[in-house]
Amino acid sequence: MRSALERVRQKAKQGKEVRFTALLHHVYNIDTLREAYYQLNRQASAGVDDMTWPQYGEGIEAKLEDLSSRLKRGAYRAKLVRRVYIGKEDGSQRPLGVTALEDKLVQTAFVTVLNAIYEEEFVGFSYGFRPKRSQHMALDALCVGIERGKVSWVLDADIRGFFDSIEPEWLEKFIGHRIADQRIIRLVHKWLRAGVLEDGKRIRSDKGTPQGGSVSPLLANIYLHYVFDLWVHRWRRKHAQGDVIIVRYADDFIVGFQHRREAEQFLIALRERMARFGLELHPTKTRLLEFGRFAASNREQRGLGKPDTFNFLGFTHICGRSRKGRFRVERHTMAKRLRRKLKDIKLALKRRLHRPIPETGAWIQSVLRGHYRYYGVPFNRRALSQFRLEVTRLWSRSLSRRSQKAYINWPRMNRLMQRWMPSPRLPHPYPGLRFDATYSRQEPSA
């Protein structure tokens, strides 16, 4: 199967005009389906079929044979997606779709096959939900672009309700540019038209793709590849006279400009482009701000304050200076993310109030280490130390509430901290070092 996908990948490299007429047999291949099954999250919630990962694993070979046969005959039917809601940082609710296990399995196999094609198609500044790419690679590219380029203005853009606004007709047309196998198109059509189950009621959706499905990130990348990536690449070559940098992670993207006039022209053109394909930039979350190596001095000459900051992938980006006065982009943990994480920890400690101290300590240790792994970037040590201190206070208050005589003094709390609460560490190097090591030469479209 790997050699078959490698042949597909080599064919996709030959040119963007190449269209694939027979792909479904790669999806319903037993080996592909089996590998997709073992890639699924084993603790994921069950969908409308009430089927969990261990339950499906009982007699899995017979089930995979049946699923492969139904895919081959066209008898496969997508099930409803169970909708749940999770809280967002601004207090609103984000809808998530819990897909049936068999649908997730087929979607994972589908993504494996189509990634062989679209990884040769996608541009360099697209980082979201792609193999061998991560959030920190996008953050590194953004810092390097601002620090080494002639960036003075930054467009911080946000697409309102992107996953709920995708037009299925446009998406199927975009897929048809490379995929001529109509059976693949019909699979996508089935998933998009399956409908949603919410509070026991079936809701048909004419647009959008449910968040939470295995195929949703790939479909979103394909949609934005044609709506945004290719268009912005052409706009940069045709209209921009100064430097323009672009970094996109899923539906979040940052565009940096050398000249304000070009940034304003781009924003007008971008709104028109998005509207054409059923998308809309968020009116309050999309903003153009002065940011870059000359932003502080330019604003000081005009009698203005410090340069504005912007948020991207959980970090607040700030115009900073080294001890030698050299410009650098500093990244600090977003205040909203920090407050929300502490709130979640407080609630979790309340549920663990009477658990043994070693058990709770081991859990807190894993929480801190996970936090350091993501937010442990240069110039963010103070925020990590503050996070550790706040977690210490929350745990101390929780231990003092275990009984009327359970007061925890600070000498004992210090011993617990030394045992269970690791000190902040920065596992991530400076952005330029990792970016240069990852890309020995800069990609033309990066």
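Keep in mind that the model is predicted.

Let's start with helix α5. At 1.5 Å a residue, its 14 residues should span 20 Å.

Which residues of α5 are buried? They are Ile60, Leu64, Leu67, Ser68, Arg70 and Leu71. Look down the helix axis. Those buried residues fall within an arc of 165 degrees, so they line one face of α5. What covers them? The cover includes α2 (24-27), α3, α4 (53-56), α6 (101-118) and α10 (182-192). Now turn to the face pointing away from the buried side. There you find the exposed residues Ala62, Lys72 and Arg73. After α5 comes Gly74, and its phi is positive, near 80 degrees.

Next, charges. Side chains of opposite charge can pair when their charged atoms come close. How many salt bridges does the count give? It comes to 22. I'll pick out a few.

Begin with Arg34 and Glu61. Their side chains meet in a salt bridge, 3.0 Å from N to O. Arg34 sits in helix α3 (residues 30-39) and Glu61 in helix α5 (residues 60-73), so this pair ties together parts that are 27 residues apart in sequence.

Now Arg160 and Glu280. The closest N and O atoms of this salt bridge are 3.6 Å apart. Both residues lie in loops. Arg160 is between β3 (153-158) and α8 (162-165), Glu280 between α12 (260-276) and β8 (287-290), so the pair ties together parts 120 residues apart in sequence. Arg160 is partly exposed at 36% relative accessibility. Glu280 is partly exposed at 41%.

Then Lys207 and Glu167. Here the salt bridge is 3.9 Å, N to O. This pair links distant parts of the chain, 40 residues apart. Lys207 is in the loop between β5 (201-203) and α11 (216-239). Glu167 is in the loop between α8 and α9 (168-176). Lys207 is partly exposed, with a relative accessible area of 39%. Some salt bridges also share partners. Asp66, Arg70, Lys79 and Glu102 are joined that way into one network.

On to the strands. Take β6, residues 244-249. Six of its six residues are buried. In a regular strand the side chains alternate between the two faces of the sheet. In β6, both faces are covered. Val244, Ile246 and Arg248 are buried on one side. Ile245, Val247 and Tyr249 are buried on the other.

What is the partner of β6? Six bridges join β6 to β7 (residues 252-257), and the two run antiparallel. Arg248 stands opposite Phe253 in β7. The two strands form a hairpin with two residues between them. In that turn, Ala250 has a positive phi of about 55 degrees.

Last stop: an open sheet of three strands. What is the strand order? It is β9-β10-β11, with antiparallel pairing. β9 (310-312) and β11 (327-333) stand at the edges with a single partner strand each, so one side of each is left without a neighbour in the sheet. On average, neighbouring strands here are turned by 40 degrees against each other, direction ignored. Three bridges join β9 to β10 (residues 315-321). Phe310 stands opposite His317 in β10.

Note on methods
Residues are numbered from 1 along each chain as its sequence is written. This is a predicted model: local features need pLDDT of at least 70, side-chain atom pairs count only at pLDDT 80 or more; totals for chains, interfaces and linings use all residues. Side-chain values use heavy atoms; hydrogens and water are left out. Buried means under 20% relative accessible area, exposed over 50%, partly exposed in between (1.4 Å probe, protein chains only). Helices (H or I, at least four residues) and strands (E, at least two) are DSSP runs, numbered from the N terminus. Two strands pair if DSSP finds at least two bridges between them. A salt bridge is a side-chain nitrogen of Lys or Arg within 4 Å of a carboxyl oxygen of Asp or Glu. Axes are lines fitted to C-alpha atoms, for helices over the stretch in contact, and angles run from 0 to 180 degrees between N-to-C directions. The expected span of a helix is 1.5 Å times one less than its number of residues. The arc is that of the directions from the helix axis to the C-beta atoms. Contact means heavy atoms within 4.5 Å.
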